[in-house]
Amino acid sequence: MSEEQIKNLEAQFEARIARDEKIEPKDWMPEKYRKTHIRQMSQHAHSEIVGMLPEGNWITRAPSLRRKVALLAKVQDEAGHGLYLYSACETLGVSRDELYEQLHSGKAKYSSIFNYPTVTWADMGAVGWLVDGAAIINQVPLCNTSYGPYARAMVRVCKEESFHQRQGFEIMMKLANGTPEQKELAQDALNRWWWPSLMMLGPTDAESIHTEQSMKWKLKRKSNDDLRQQFIDQTVPQAELIGLTIPDPDLKWNEERQSYDFGEINWDEFWQVVKGHGPMNKERMKARVGAWEEGEWVRDAAMAHAEKKQARKQKQAI
Amino acid sequence: MKQNLYNYILGIADNSLILGQRLGELTGHGPSLETDIACTNISLDLFGQVRSYFQYAAKIAGDNRTEDDIAMLRKEREYVNVLLVEQPNRDFAYTMARQFLFDVYHLLFLQKLEKSKDLTLSAIATKSIKEVSYHERFSGDWIKRLGDGTEESKTKMQDAIDGLWTYTDELFHQTEADKAMVAEGIGVDVTKLKETYYKKVNEILEEATLEIPESKWFQKGGKDGIHTEHLGYLLAELQYMQRAYPNMEW
């Protein structure tokens with residue numbers, strides 16, 4: 001294909017996106033579009049899978065049967081999200097095994113927030129309320145993103161995430177309205193998860209490398225800083241409603257901006273965790289790699305069995 | 001309070017409770033996403049059943065005890081699940097073998113419980129049969145896959161079946177509560193399930209090209225609250241929050 005032909009295709013491609021048409025797996029697409037989507041979707045899938053670990057940590061210790069059932073269902077939903085996001089990646093010609101390999105080798109990233117430990121039951125509330133809350137803010141605009149399989153997957157993911165977020169908030173509310181000991185658990189969890197949740201929305205716009213191109217492809221609709229502001233403005237009244245205090249002495253309503261001003265985010269901590277030095281980075285990878293390696297003989301057996309079955313069937317047919 | 005009925009319900013529900021808890025340990029650590037989702041799903045089904053049974057038991061107890069009190073605030077000796085379900089997740093072969101050896105029993109049991117004169121138990125059974133039929137198919141398929149898969153998987157599955165076989169006979173022991181409930185047309189006569197159980201299990205093992213264990217030495221005690229050493233640790237996790245933060249709502 002000549003350079004001119006490619007330019008022509010690119011122009012048509014960008015025009016389709018501008019018209020809000022969906023790009024489907026078999027459509028022509030620029031290589032960069034394909035790569036960017038594999039990166040973002042797989043990163044999202046990895047986040048779901050690694051995100052199962054901090055919450056799975058409390059399944060056996062959930063305080064009531066009702067909470068246990070809800071938590072099991074939630075973690076199961078996350079596995080489901082991972083499954084269809086990996087499938088969406090597969091539509092772009094990359095296998096789940098390859099993506100796992102990227103995760104396990106450290107080449108692929110996942111959401112840094114899952115490198116913090118869930119130390120008390122209240123963390124199940126805080127993670128649902130704040131982490132899923134921040135995730136939704138990131139993800140709702142993706143329901144209209146340009147790549148069809150991703151957009152459709154996100155519609156379902158967002159529905160379930162918003163259910164999880166309400167569930168998390170309800171856990172926090174129950175604690176906040178409970179005994180002094182329970183309220184303390186809730187406040188402590190908020191103190192630990194607040195700042196990492198703000199960081200979860202990504203580095204400040206000045207330092208974000210992917211934003212511009214992503215905006216054009218509708219992989220991103222708002223900048224990280226705008227999303228962060230939206231998250232804060234939405235969450236502060238919720239904390240007030242249940243009588244918890246946001247751990248930011250500089251947090252203040254700005255009448256003029258009709259938004260909250262907030263304190264300095266510790267970006268050193270963010271980069272430290274991103275670079276693999278958070279409290280749980282090593283543990284999380286060890287768990288993922290461990291499950292994968294320990295499961296190898298199981299996957300091999302399933303393949304071998306399927307092949308034997310197929311061979312027997314063919315023999316019968318002859 | 002109808003003590004026999006209460007004890008009888010605990011006898012049924014504790015199996016689902018302890019097995020559900022064991023499966024819950026695995027969430028996020030399975031050999032593939034699909035098996036992870038399936039095992040979590042089975043755990044969810046079992047806990048759903050547990051809630052129905054214990055809500056009913058709480059009603060019978062009539063002393064302000066809740067489903068959670070019954071599930072999480074008994075002492076080690078007061079849990080009456082069979083030894084089979086408390087066995088640890090040594091590897092995926094053990095997990096599936098434990099599941100299969102229980103599922104075959106569980107389904108046969110529920111099909112009889114559905115005919116109970118007790119309408120609540122009968123209704124719980126009807127709902128559970130749908131779920132447990134799926135469990136049995138899932139675990140049975142894995143017995144076949146791993147038994148008739150690779151050399152390694154066959155060895156592992158055979159080990160698991162051999163190791164867990166000793167706990168199968170207890171499924172068919174009758175407790176005092178069982179006898180009383182059978183007499184009233186409420187309970188299931190488990191002794192009558194035994195033959196069909198081993199026939200079904202053996203069929204699958206044969207299809208999976210596995211050896212049927214010949215050992216006639218069986219362990220028992222779970223139904224009398226005398227458990228293996230594994231149960232105490234499981235209970236420590238199950239009960240942690242209720243013990244550390246007593247009398248609170250969650």
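Is A:R257 buried, partly exposed or exposed? With a relative accessible area of 42%, A:R257 is partly exposed, where buried means under 20% relative accessible area, exposed over 50% and partly exposed in between, for a 1.4 Å probe and protein chains only. This is a predicted model, in which local features need pLDDT of at least 70 and side-chain atom pairs count only at pLDDT 80 or more, whereas totals for chains, interfaces and linings use all residues. Residues are numbered from 1 along each chain as its sequence is written, chains are lettered from A and ligands numbered from 1 in the order in which they are written, and side-chain values use heavy atoms, with hydrogens and water left out.

**Chain A as a whole**

- Chain A has 12 helices and 2 strands, these being DSSP runs numbered from the N terminus (H or I and at least four residues for helices, E and at least two for strands).
- Read from the N terminus, the elements of chain A follow the order α-α-α-α-α-α-α-α-α-β-β-α-α-α.
- A compact globule of 318 residues would have a radius of gyration near 20 Å, and the 22 Å of chain A agrees with this; the radius is taken over C-alpha atoms, and the globule rule is 2.2 Å times the number of residues to the power 0.38.
- The C-alpha trace of chain A spans about 75 × 55 × 30 Å along its principal axes, and 53% of the 318 residues count as buried.
- Among the contacts in chain A with a separation of 6 or more, 76% come from residues 24 or more positions apart, contact meaning heavy atoms within 4.5 Å.

**Loop residues in chain A**

- A:R257 sits in the loop between β1 (252-254) and β2 (259-261) of chain A, and its C-alpha atom is separated by 15 Å from that of A:F231, which is 26 residues apart from it along the chain.
- A:G202 lies in the loop between α7 (180-200) and α8 (211-216) of chain A, yet A:G202 is buried, with a relative accessible area of 10%.
- Leaving aside neighbours within four places in sequence, A:G202 is in contact with A:N224, A:R228 and A:W267.
- A:D20, in the loop between α1 (3-18) and α2 (31-56) of chain A, has a positive phi near 70° although it is a residue other than glycine.

**Helices of chain B**

- Helix α2 (residues 33-61) of chain B should span 42 Å for its 29 residues, and its end C-alpha atoms are 41 Å apart, which agrees; the expected span is 1.5 Å times one less than the number of residues.
- Because 22 of the 29 residues of α2(B) are buried, this helix is largely enclosed by the rest of the structure, and just after α2(B) the residue B:G62 takes a positive phi of about 60°.
- Helix α5 (residues 92-113) and helix α6 (residues 119-147) of chain B pack at an angle of about 145°, with their axes 7 Å apart; axes are lines fitted to C-alpha atoms, for helices over the stretch in contact, and angles run from 0 to 180 degrees between N-to-C directions.

**Single residues in chain B**

- B:M181, in helix α8 (residues 176-183) of chain B, is buried, with a relative accessible area of 2%.
- Not counting residues up to four places away in sequence, B:M181 touches B:N4, B:L5, B:Y8, B:I186 and B:G187.
- B:T209 lies in the loop between α9 (194-207) and α10 (230-244) of chain B, where it has a positive phi of about 55° although it is not a glycine, and it counts as partly exposed at 36% relative accessibility.
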